[in-house]
Amino acid sequence: IKPAHFLIDYTGNNISVSDAFFWRTDRNFKTIFKFTDILKFFYKNEDSEVEIIFFDKSSKVIKSISLKNIDLSNEIKIDKNFLDGLEDYGTFFLYHKSSVKVDAIVRNSCYTGYSYLDNLPSFVHGNTLTNYKSFDGKVVKNGIGGKSLISNQIYQVQKHIDSDKTEILIMNPCDSKIKVKVNDLSFFLNKGCSRLVKIINKEMITIKSNSYILRPIIFNFKGTYLDAHHG
């Protein structure tokens, strides 16, 4: 009757829940990712590290990095050189790792900035809880988003769109295929897959699906000016 919007079927603590972060290297885009060592900041854990896994838009792993001895505040620039010449878009996930138990479930929403034509980046915080992994890496769960039996969940962008062009990025946070309708465009998204949708001359963006929280990132273009924000 009242299903959960997120499904964390793990009885213990010491797990790291990750949002689905979007990267873009297409059409003169660069992505700036800023994150904090929250285990060191909140729990004084000095041996913490992070693992960041990058996926393409079809949810295939394209790169994985592990960072040790990180600072409290950290930054990564994701451009086509970082991704071996790939000019496209996709998702990535950040997991905190530690050999020390802190008896907590941690989530780091972080900040992702998007620079268009080398202009100053526009930043958004984490989007939607999607995956989790235990600190020791032995427990992994992808697709923790809840969904309904029918496509009756509606998400509307919360402001009047005053721009030359609008693009939205969405990904499937559920553990199986979902059906999506963005205004008049209908399509399916497989587990973990993402899609960039271009929208022109629309004052309202309506997203209908069977995912309880299909929260988009919106990119508004006005000439060379870019404003990136959540729905």
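# Briefing: aromatic pairs, cysteines and selected polar residues

F29 and F219 are both buried. The model is predicted, and its aromatic pairs number 13 across the whole structure.

**Aromatic pairs**

- The rings of F29 and F219 pair edge-to-face, because their planes stand at 80° with the ring centres 5.9 Å apart.
- This pair connects distant parts of the chain, as F29 belongs to strand β3 and F219 to strand β19 (residues 217-222), 190 residues apart.
- F41 and F42 also make an edge-to-face pair, with 4.9 Å from centre to centre and 85° between the planes.
- F41 has a relative accessibility of 46% and therefore counts as partly exposed.
- F42 has a relative accessible area of 58%, so F42 is classed as exposed, the cut-off for that class being over 50%.
- A cluster linked by ring pairs contains F21, F33, F35, F54, F82 and F92.

**Cysteines**

- A disulfide would need the two sulfur atoms within 2.5 Å.
- Seen from C193, the closest cysteine sulfur is that of C174, again at 12 Å and too far for a bond.
- C174 is buried, with a relative accessible area of 0%.
- C193 is buried as well, with a relative accessible area of 11%.

**D37**

- Where is D37 placed? D37 sits in the loop that runs between β3 (29-36) and α1 (38-43).
- D37 is buried but has no salt bridge.
- The nearest side chain of opposite charge to D37 is K40, at 4.1 Å, whereas a salt bridge requires the charged atoms within 4 Å.
- The side chain of D37 makes a polar contact of 2.7 Å with the side chain of S48.
- Beyond its neighbours within four places in sequence, D37 has contacts with S48, I70, D71, L72, N74 and H96.

**S122**

- S122 is part of strand β10 (residues 122-125).
- Is S122 buried or exposed? With a relative accessible area of 13%, S122 is buried, since the buried class covers values under 20%.
- The S122 side chain comes to 3.0 Å from the backbone nitrogen of A228.
- Apart from neighbours within four places in sequence, S122 is in contact with T112, G113, Y114, L226, D227 and A228.

**S186**

- Strand β16 (residues 185-189) contains S186.
- S186 is partly exposed, its relative accessible area being 45%.
- Which residues does S186 contact, leaving aside its neighbours within four places in sequence? They are V180 and K181.
- Between S186 and A228 the C-alpha to C-alpha distance is 24 Å, and the two residues are 42 residues apart in sequence.
- A228 is listed among the contacts of S122, while the contacts listed for S186 are V180 and K181.

Terms used: Residues are numbered from 1 along each chain as its sequence is written. This is a predicted model: local features need pLDDT of at least 70, side-chain atom pairs count only at pLDDT 80 or more; totals for chains, interfaces and linings use all residues. Side-chain values use heavy atoms; hydrogens and water are left out. Buried means under 20% relative accessible area, exposed over 50%, partly exposed in between (1.4 Å probe, protein chains only). Helices (H or I, at least four residues) and strands (E, at least two) are DSSP runs, numbered from the N terminus. Lys and Arg count as positive and Asp and Glu as negative; His and the chain ends are not counted. A polar contact is a pair of N or O atoms within 3.5 Å; within protein, one must be able to donate a hydrogen and the other to accept it, and residues adjacent in sequence count only if both atoms are side-chain atoms. Contact means heavy atoms within 4.5 Å. Rings of Phe, Tyr and Trp (its six-membered ring) pair if their centres lie within 6.5 Å; planes under 30 degrees apart count as stacked, over 60 as edge-to-face and the rest as tilted.
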